[in-house]
Amino acid sequence: MKIPVYDLVLSEEELLKQENGLLINSLVKNPAMMVKLAYKSDNTIKHTTIEKMDEQGLITTAVLVPDMLTLEFNENGEPFYEKWSKESVRLTALKAMKEKTLYNVDINHDLNVLSQDDVFLTEVWLVDNPKMDKSNTEFFNEQFKQLGYEDGVPEGTLFATYKINSEDLRNKIKAGELTGMSVYGRWAGRYEGDFSINRNYNSELKENDKMKAAQIVAIKIIKSESMNADQKYKKLIELSELTKLVG
């Protein structure tokens, strides 16, 4: 028995449709992409008699990672995985830049878009050559290697940098209350030839004791506050292998 995996797709034709694609990028405690943001804080500018501390407040984050499985649950509490192909990430990025939806930022998916006086987008890019890309840092490469990407940051990953002006948001980021970003939007979900426009899919998984037990454990892992994102990811993979729900 398998947990269904949905490919979230976007076509060239959909670049003209307002209702689909990335709508909001959310600052969250546990990012679905499992990659923590990098925060640039103090920059010291030294002169002969003057030392000035400048709080930059810049965050760089992986927005979408090609083929990374993210675990979700439908309205019945049944698990499913979703992923974006490299092409879907590219088209999503094009549409988001065209419609400027990457400028829309909220907190923990509350759908209340923050003022650009508090946070605004400064740059966005797709990783073309991982070895030469600005994301080729120990901070990001180590995270991706822990997630199973042997070469570090994968080609086709969508990155963005934001300027955080809000002192409250800066403090939450530095305190670890907000550790990454997670997308909100609408994509066509493809599963064995079937499509639906929604991120909450109806699963055809059969109910049994093993499935129910796995769901309960998975939900506890997702909601746990004692594990970080990397630890949760590893536990979910172990759970999937243990119950033979994936593969």
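Buried, in these legends, means under 20% relative accessible area. The model shown is predicted, and each close-up below visits one part of it.

View 1. Of its 247 residues, 47% are buried. The chain exposes about 13,300 Å², and carbon and sulfur atoms supply 49% of that area. Among contacts between residues at least 6 apart in sequence, 72% join residues at least 24 apart.

**View 2. Helix α3 has its buried residues on one face.** This helix spans residues 167-174, and its buried residues are Leu169, Arg170 and Ile173. Looking down the axis of α3, these buried residues fall within an arc of 100°, so they line one face of the helix. Follow the chain onward from α3 and you come to glycine 176, which has a positive phi, near 85°.

View 3. In α2, residues 138-146, the buried residues are Phe140, Asn141, Gln143 and Phe144. Around the axis they cover an arc of only 160°, which puts them on the same side of α2. Just after α2 comes glycine 148, with a positive phi of about 105°.

View 4. With a relative accessible area of 38%, glutamate 155 is partly exposed. Its side chain and that of lysine 86 are joined by a polar contact of 2.5 Å. Leaving aside residues up to four places away in sequence, glutamate 155 touches Pro66, Lys86, Val127, Asp128 and Pro130.

**View 5. Strands β2 and β10 run side by side.** These two strands are antiparallel, and 7 bridges join β2 (residues 21-28) to β10. At one of the paired positions, valine 28 has glycine 180 in β10 as its bridge partner. Strand β10 covers residues 180-186 and is mostly covered itself, with 5 of its 7 residues buried.

**View 6. Asparagine 25 is a polar residue under cover.** Asparagine 25 lies in strand β2 and is buried, with a relative accessible area of 0%. What does its side chain meet at 3.3 Å? The partner in that polar contact is the side chain of tyrosine 162. Beyond residues up to four places away in sequence, asparagine 25 touches several others, among them Val63, Asn104, Asp106 and Ser182.

**View 7. Tyrosine 162 belongs to the largest nonpolar core.** That core has 44 residues, and Leu27, Phe144 and Tyr162 touch the most other members. Strand β9 gives the most to this core, with 5 residues. Another core, of 7 residues, lies apart from it and includes Leu71, Phe73, Tyr81 and Met227. Back at tyrosine 162, its contacts, not counting residues up to four places away in sequence, include Gly57, Leu58, Ile59, Phe120, Leu121 and Met181.

How values were computed:
Residues are numbered from 1 along each chain as its sequence is written. This is a predicted model: local features need pLDDT of at least 70, side-chain atom pairs count only at pLDDT 80 or more; totals for chains, interfaces and linings use all residues. Side-chain values use heavy atoms; hydrogens and water are left out. Buried means under 20% relative accessible area, exposed over 50%, partly exposed in between (1.4 Å probe, protein chains only). Helices (H or I, at least four residues) and strands (E, at least two) are DSSP runs, numbered from the N terminus. The arc is that of the directions from the helix axis to the C-beta atoms. Contact means heavy atoms within 4.5 Å. A polar contact is a pair of N or O atoms within 3.5 Å; within protein, one must be able to donate a hydrogen and the other to accept it, and residues adjacent in sequence count only if both atoms are side-chain atoms. Two strands pair if DSSP finds at least two bridges between them. Accessible areas come from the Shrake-Rupley method with a 1.4 Å probe; for residues, only the protein chains shown count as cover. A nonpolar core is a set of buried Ala, Val, Leu, Ile, Met, Phe, Trp, Tyr and Cys residues joined through side-chain atoms within 4.5 Å.
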